[in-house]
Amino acid sequence: MPGPRLEIVLPKNVAPSAGKGIAEALLRKNEQWIKKHCRRMVLETPLQETGLPESFLLRGGSETVLIRKLSAAPFGPAHTAISHKFADKLSGIGHSYIEIPENEKNTGCDSGIAKATVLYIPDQLASDPQTAETGYALLRQWAKAGAKRLFAGLLEELAPKGGFRYTGPDVRINKSRWGSCSAKKNIIMNACALFLPDALIRHILVHELCHTKEMNHQEGFWREMFRLDPDALKHEKQLRKAWRHVPGWMLR
């Protein structure tokens, strides 16, 4: 998603010499409205960055992920290999990245940072523009896997509270919807929700679970919602500004 911007379109028959004055007058007249909506757009737009990040936050900032760019990832018995999918694209490197579980201590980790996961990504992905997109793809793949684990666990916790029956979750990357539920009760979640605060993650999951009983948004649906999420309306409002938690590389 692009960042917020303002574009003024004038009729074709307006002379260039007059166009600047007309545009400036429009800006002055609508200055407060423009500022208000620019602030809103900033809150609703994913975070933008250039190059692979050094770190990013999950679950509304409650978890930290550190990125380490190395010429060779430090494999050992304490490390868990996560993905080999892109190994054929990484000449001379056998593994795409590895994750060090946060409960393991290793000299390659920053011991002063609590609850941090460290991802090692070959530095050629960061330094070579031709392979940088593969680095982003690796981060997205890692986020999807982590999101699926988190969402599956939360669904198992939440479903019995309302007697819900469902299949899934399937996890995808979506630029507009946080989640959906099919007529066959299959729940699909947006991996971008991994970056939201826990209260909003739970709200989205409860929303989709309620759709396993009520496919519409009528009284029966909201009765179920308020029973499991009394702050549902507040959370709905917060979701409209929640894209600010999502890093731009998730949607590249």
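Buried means under 20% relative accessible area, exposed over 50%, and partly exposed in between (1.4 Å probe, protein chains only). The model is predicted: local features need pLDDT of at least 70, side-chain atom pairs count only at pLDDT 80 or more, and totals for chains, interfaces and linings use all residues. Numbering starts from 1 along each chain as its sequence is written, and side-chain values use heavy atoms, without hydrogens and water.

**Exercise 1. Classify Gly60 and list its contacts.**

Step 1. Locate Gly60: the loop between strand S1 (55-58) and strand S2 (63-70). Strands (E, at least two residues) and helices (H or I, at least four) are DSSP runs, numbered from the N terminus.
Step 2. Gly60 has 39% relative accessibility, so Gly60 counts as partly exposed.
Step 3. Take contact as heavy atoms within 4.5 Å. Leaving out residues up to four places away in sequence, Gly60 touches Phe195, Leu196, Pro197 and His245.
Step 4. Check Leu194: 134 residues from Gly60 in sequence, but 8.4 Å away in space, C-alpha to C-alpha.

**Exercise 2. Give the strand order of the open three-stranded sheet.**

Step 1. Two strands pair if DSSP finds at least two bridges between them.
Step 2. The order is S6-S8-S7, with mixed pairing.
Step 3. S6 (167-172) and S7 (179-181) are the edge strands, each pairing on one side only.
Step 4. S6 and S8 (residues 186-190) run parallel, joined by four bridges. Val171 stands opposite Met189 in S8.
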